[in-house]
Amino acid sequence: GDITLHNPLNTSFVQVTDVFGKLVYTNRFEQNGVSAIRLEENAHGTYFVTLITPEGERSVARVVIAKK
């Protein structure tokens, strides 16, 4: 499971948590662009991707990873 983020902001943080709130990925983006998050080693299920701006604004997306 790869997740691709299109980040229009100059600086922001991204966090990925599982349904239990466990943090499975975190990163800071210093420039705008496209970034990929690899969740291949994580179990299938539902995850929440949170993008946090320097001003503290949050955008949350739900992602479901299903293994074949």
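Tutor: Two residues are in contact when heavy atoms of theirs lie within 4.5 Å. This is a predicted model, so local features need pLDDT of at least 70 and side-chain atom pairs count only at pLDDT 80 or more, while totals for chains, interfaces and linings use all residues. Residues are numbered from 1 along each chain as its sequence is written, and side-chain values use heavy atoms, with hydrogens and water left out.

Student: With neighbours within four places in sequence left aside, which residues is L23 in contact with?

Tutor: L23 is in contact with Q15, V16 and T17. Each of these pairs therefore has heavy atoms within the 4.5 Å limit.

Student: Why is L23 called partly exposed?

Tutor: Buried means under 20% relative accessible area and exposed means over 50%, with partly exposed in between (1.4 Å probe, protein chains only). L23 has 45% relative accessibility, so it counts as partly exposed.

Student: Which strand does L23 lie in?

Tutor: L23 lies in β3, residues 23–29. A strand is a DSSP run of E with at least two residues, a helix a run of H or I with at least four, and both are numbered from the N terminus. By that count the protein has 0 helices and 6 strands.

Student: What makes β3 and β6 edge strands?

Tutor: Strands pair if DSSP finds at least two bridges between them. The open sheet has 4 strands in the order β3-β2-β5-β6, with antiparallel pairing. β3 and β6 (58–65) each have a single partner strand, so one side of each is left without a neighbour in the sheet.

Student: How do you know that β5 and β6 pair?

Tutor: β5 (residues 45–52) and β6 share 8 bridges in the antiparallel sense; the requirement is at least two, so they count as paired. In this arrangement L51 stands opposite S59 of β6.

Student: What makes up the largest nonpolar core?

Tutor: A nonpolar core is a set of buried Ala, Val, Leu, Ile, Met, Phe, Trp, Tyr and Cys residues joined through side-chain atoms within 4.5 Å. V14, V16, F29, I37, L39, Y47, V49 and I65 form the largest one, 8 residues in all. β2 (12–18) and β5 each supply at least two of its residues.

Student: How many of the residues of the protein count as buried?

Tutor: Of the 68 residues, 28% count as buried.
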